[in-house]
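Biologist: I would like to learn how to read a model such as this one, feature by feature. Could we take each general idea in turn and then look at the case at hand?

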Amino acid sequence: MQQQQSNYPYTHSSKPAAQLAHLAAASVARKPAYTQTQKFKNHFHAGAVSLSLSYAVMHPLDTLKTRMQVPGGKGIAWSAVFTRETVRLLGKGFLISSIGAGLQGGARFSFYELTKSYLLPPTSRFQTGNTPPQHPWFLPTLSPIPATAISAIIGDLASSVIKVPREVITSRLQTGYYSSVEGGVNAGYVFRAVLREEGVRGLFRGFWSTTARDCPFMVILFTTYENFKAYHTRNLQIQITSDPNYIASSPVEVKIPPMTSTLFGGISGFLAGYFTTPMDVIRTRIMTFKKSAAVTPPASGSIQSLKSVVDVTMTGISREMYRQASIQAAQKSIHSNGFVASMRHGQSVYSTFFVGAIPRSLWWFCVCSIFFSTYEVMKQNLMPLDYEPNASRK
């Protein structure tokens, strides 16, 4: 019992009588420890630092993944990926990626947490009070899974204003888009070149393909992670509430050990990354498409040999990808029976749309492992009262 009490700060045993009397009085009508404005700022800071750190660590692998998805070959052209040019480009876009990821993470998670706080029941929103503010009449009260899914979408849309320009600039640096330019090409040059050649719209090229990729990604990521957290909390609360000295007014949210959040975040990121790879491939090809290809078609077999190449849309790119995959499958199955031909066709379509799926999934495993462990620790330090009442501190 002593061992259990030392692990959980929600028991009477280690609290002086004066603190217990104060806690009993506070439990009658205790106000939330933090205002929504304070929580919004704290979630912004936690999200910004965590995502920036994650992207900074994983930037080289992201460069490899992006170069795999650039059109110009069948499947993964390893000889074209692992070259001196790739080594030279590994650090390209590092600074803009890290800074942009910080702003992106801050916007995403502040809006995610804010939206979730208004969609969940009041008793779940305000962990530290018995008299939470009245739930807005115009907002529905949802169960955790749909509330998490909607919050993830809104958070992602809020961050897309920062995310899409960052990815346009970063992806062009990583793929050597302006390799023909003499001298050094940095983020500033790419920014000015995009504005000069395509205007402001160029910075938001691929906005809807990015949104179509990231909204499902965020839904899978956050619903999976939140379910892992709920599972952990249920198991922990069984131990806590079985203690006869358990304080019933304790916070519902419990601290998650860094190693646990690392594992939960990594698995969630891997699943989300794998299942959204097709949209990532389409988004990369839209962002790195060169208009000059419409005038001078490249070699046959490239996605840029598209006849209606000026129509660089999600639909147009995906149709051309499917068409190229079908042609490749047909060429390999000329003398095969129907079953073998259909199997090769499916394999060809899969390899086309899921190119780089494993590196992408592993990249997200690492990113989310770093991110969620850092994010949980920062939240616990920025908002400790959401995890244990002030009176329960020694």
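Modeller: Let us begin with contacts, where contact means heavy atoms within 4.5 Å. Among contacts in the chain between residues at least 6 apart in sequence, 78% join residues at least 24 apart. The model is predicted, and local features need pLDDT of at least 70, side-chain atom pairs count only at pLDDT 80 or more, while totals for chains, interfaces and linings use all residues. Residues are numbered from 1 along each chain as its sequence is written, and side-chain values use heavy atoms, with hydrogens and water left out.

Biologist: How many helices and strands does the secondary structure of the chain come to?

Modeller: Helices (H or I, at least four residues) and strands (E, at least two) are DSSP runs, numbered from the N terminus. In this chain there are 16 helices and zero strands.

Biologist: How should I check the span of a helix, and what does helix 9 give?

Modeller: The expected span is 1.5 Å times one less than the number of residues. For the twelve residues of helix 9 (residues 187-198) that comes to 16 Å, and the end C-alpha atoms are 16 Å apart, which agrees. Within helix 9, Val-190, Ala-193, Val-194 and Glu-198 are buried. They cover an arc of only 100 degrees around the axis, which puts them on the same side of helix 9; the arc is that of the directions from the helix axis to the C-beta atoms. After helix 9 comes Gly-199, whose phi is positive, near 80 degrees.

Biologist: Which residues of helix 14 are buried, and what covers them?

Modeller: The span of helix 14 (residues 314-332) also agrees with expectation, since its 19 residues should span 27 Å and its end C-alpha atoms are 27 Å apart. Its buried residues are Gly-316, Ile-317, Glu-320, Met-321, Gln-324, Ala-325, Ser-326, Gln-328 and Ala-329. Their cover includes helix 13 and helix 15 (338-353).

Biologist: Where is Thr-277 placed, and which residues does Thr-277 touch?

Modeller: Thr-277 is in helix 13 (residues 277-287) and is buried, because its relative accessible area is 0%. Not counting residues up to four places away in sequence, Thr-277 touches Phe-353, Phe-354, Val-355, Ala-357 and Arg-360. One of these, Phe-354, lies in the loop between helix 15 and helix 16 and is partly exposed, with a relative accessible area of 21%. Leaving aside neighbours within four places in sequence, Phe-354 is in contact with Tyr-274, Thr-277 and Pro-278. From C-alpha to C-alpha, Phe-354 and Thr-276 are 8.8 Å apart in space, although 78 residues apart in sequence.

Biologist: Where does Tyr-34 sit, and is Tyr-34 buried or exposed?

Modeller: Tyr-34 sits in the loop between helix 2 (17-26) and helix 3 (36-69), and it counts as buried because its relative accessibility is 14%. Tyr-34 and Met-383 are 349 residues apart in sequence but 7.9 Å apart in space, C-alpha to C-alpha.

Biologist: How many aromatic pairs does the structure hold?

Modeller: Rings of Phe, Tyr and Trp (its six-membered ring) pair if their centres lie within 6.5 Å; planes under 30 degrees apart count as stacked, over 60 as edge-to-face and the rest as tilted. The structure holds 20 such pairs. Tyr-225 and Phe-372 form a stacked one, at 3.9 Å centre to centre and with 20 degrees between the planes. Tyr-225 lies in helix 11 (residues 207-241) and Phe-372 in helix 16 (residues 357-382), so the pair ties together parts that are 147 residues apart in sequence. Both Tyr-225 and Phe-372 are buried.

Biologist: How many disulfides does a search of the whole structure find?

Modeller: A disulfide is a pair of cysteine sulfur atoms within 2.5 Å, and the search finds zero. The sulfur of Cys-368 is 9.6 Å from the closest cysteine sulfur, in Cys-366, too far for a bond.

Conventions. Buried means under 20% relative accessible area, exposed over 50%, partly exposed in between (1.4 Å probe, protein chains only).
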